[in-house]
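Look at the sequence and the structure shown here before reading on. The report then goes through selected parts of the chain.

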Amino acid sequence: MGGDDYEERPEEEAAHPMNVVQSYDRGGSGVAKPDVLGLPEKYAALFSNTFDVWNAHLARNRVRDRYYDGKNALKDLGISIPPSLTNIETVVGWPQKAVDALAVRSRFDGYGGSDALNDLIDQNNFFSSYKQAVQSELIQSPAFVTVTRGGVGDPAVVLSALSSSNAAALWDYRLKRIRCGLVVSDVDDYGRPDAYLLYADDAIVAVSRHGQSTWLCDAIMPHSMGRPLMEPLVYRPTLDRPFGRSRVTRAVMSITDSAVRTALRSEIASEFFTSPQKYLLGADPELFSGGTETDETTDDAGTETKTEKPAMTKWEAYIGNILALTRDQNGDIPTVGQFPAASMQPHTDYMRSLAARFAGETSIPISSLGVVSDNPSSAEAIYAAREDLIIEAEDLNELNGRALRNVGMMALAILGNKPMSQLTDDERSIQTRFMNPARPSLVSQSDAMTKQASVFPDIVKTRVYWEELGYTHEQVDGIMTAVQASSATDTIKQMMQESKAQVAQNG
């Protein structure tokens, strides 16, 4: 099949990725690269290179997912844990806490300066999608947002969020943005990728499988955006790693492995602590054989009778209300004793030490990891413990705000049927809004804004003042309407008073 045997669709019918349930790469060996027929040469290299990037990181992303979900396997050192107990399920949810504690402080609050974009946000339910995207960004880094024209029954512009398990991109170091992106848009009944979308500077290329192993370029949907209709959300990017890094770092995984081992050792130690080991000196060895014992009796006629009865087990001896022991063959009474139970304190102390290390690695207050101090902390101490996490959230919001601004400008360009280079100054002036990552209480926030209003009274007439007090956009709209009406009334009254004074003066 030649390079031109594809269907070229107009921009108005551009496809967008679907929500797929991925279960591919179960064995960790990767996904076979498809040999796509009919794919033009200029897109073939982009598809191949981006596929390699996605496939190479797929297994590692799966590992981070397992740690986040608490499904990481026990890494036994083979020293203190009995082999028969290594299959006990032990879960430590610290990686999930590391992600969620930061994700909940990144709360997208819409666009400033564009009602059209805020309408799109509501139509796409993007506030919910952003929350999920931030979690995926922090687990895997990066996450992606695609912007495509909607079809019949869709919003005018469709915004889709994707994790690195379903998408990948190549970075353009010269332009400081992605060069192209690849998305798994569908899977088959066995969870294998069934279709891909390639996002290039000038088109979206649809590729799908036909039959068992034949891959075809189904459609090329051109656009005039001048860049891929895809934007990454990255956490802690660097010059060498522009797509950032995961919050589930190697240190986080290593500390979690130690915590899982400690939790299991604590569980085993608590069993011994609950049932301390006892000992018997001078007892019949057959007493706890676990089999049967024979009782021999002789009647008056001299006939011997042998009767078998179950021997006592060690557990029965421990839980029995009455323990009766007979003298041995020498007539001595067995000595009963108990070994002192091992203390649980070393396990508790080590788990506390691991929690401190984890808190230092992730900027999470140690109290959030289940380690509570005997002395209650003051409000200042609580805020100081969270200060590093708040700074992390502010940095995250700044980077994601820039990415979402690009998403907003692409959406406006699609709505206006023009490339981003032709956006007006007003359209380029859109700003992203995020709620305060410090999450202050209503009382403290109200007190702070009241003090500002006493110094600068006109701030009460701005949206910022009421938004900072925690009112919703709808409530702020109503308040601003009332404020403007009140301001207009005061202006009219002032003008009437000045007019009356002028008349009186002219007499």
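## Confidence of the model

This is a predicted model. The mean pLDDT of the protein chain is 80, with 70% of its residues at 70 or more. Where pLDDT is low, the predicted coordinates should not be read in detail.

## Nonpolar cores

The largest nonpolar core is made up of 75 residues. Trp 94, Tyr 111, Phe 126, Leu 138, Val 147 and Leu 233 have the most contacts inside this core. Helix α8 (residues 379-415) is the element that gives the most to it, namely 12 residues. Another core lies apart from this one and has 24 residues, including Val 31, Leu 58, Val 187 and Leu 198.

With neighbours within four places in sequence left aside, Trp 94 is in contact with Ile 255, Ala 259, Met 351, Leu 354, Ala 355, Phe 358 and Leu 369.

## A three-stranded sheet

An open sheet is formed by three strands in the order β5-β4-β11, and the pairing is antiparallel. Strands β5 (157-162) and β11 are at the edges and have a single partner strand each, so one side of each has no neighbour in the sheet. From one strand to the next, the twist averages 20°.

Strand β4 (residues 143-149) is joined to β5 by six bridges.

## The loop between α4 and β4

Ser 141 and Pro 142 are both in the loop between α4 and β4. The peptide bond from Ser 141 to Pro 142 is cis, with omega near 5°. Ser 141 also has a positive phi of about 50°, although it is not a glycine. Its relative accessibility is 10%, and the cut-off for buried is under 20%, so Ser 141 counts as buried.

Lys 176 has a positive phi as well, near 60°, and is likewise a residue other than glycine. Lys 176 is in the loop between β6 (167-172) and β7 (177-187). Is Lys 176 buried or exposed? Lys 176 has a relative accessible area of 58%, and exposed means over 50%, so this residue is exposed.

## Ser 246 and its contacts

Ser 246 is placed in the loop between β11 and α5 and is buried, at 6% relative accessibility. A polar atom of the Ser 246 side chain lies 2.8 Å from the backbone nitrogen of Val 248. The backbone oxygen of Leu 138 lies 3.4 Å from a polar atom of this side chain. Not counting residues up to four places away in sequence, Ser 246 touches Arg 64, Leu 138, Ile 139, Gln 140, Ser 141 and Tyr 235.

## Asp 257 and Tyr 67

Asp 257 belongs to helix α5 (residues 250-274). Its relative accessible area is 7%, so Asp 257 is buried. Which residues does Asp 257 contact, leaving aside its neighbours within four places in sequence? They are Tyr 67, Asn 72 and Lys 75.

Asp 257 and Tyr 67 are 190 residues apart along the chain, and their C-alpha atoms are separated by 9.5 Å. Their side chains are joined by a polar contact of 2.8 Å.

Methods
Residues numbered from 1 in each chain as written. Heavy atoms only, no water. Core = buried A, V, L, I, M, F, W, Y, C linked by side-chain atoms within 4.5 Å. Buried < 20%, exposed > 50% of the residue type's maximum accessible area, 1.4 Å probe, protein only. Helix = DSSP H or I, 4+ residues; strand = E, 2+ residues; numbered from the N terminus. Contact = heavy atoms within 4.5 Å. pLDDT = per-residue confidence, 0-100. Polar contact = N/O pair within 3.5 Å; in protein donor to acceptor, adjacent residues only side chain to side chain. Pairing = 2+ DSSP bridges. Axes fitted to C-alpha atoms, helices over the stretch in contact; angles between N-to-C directions.
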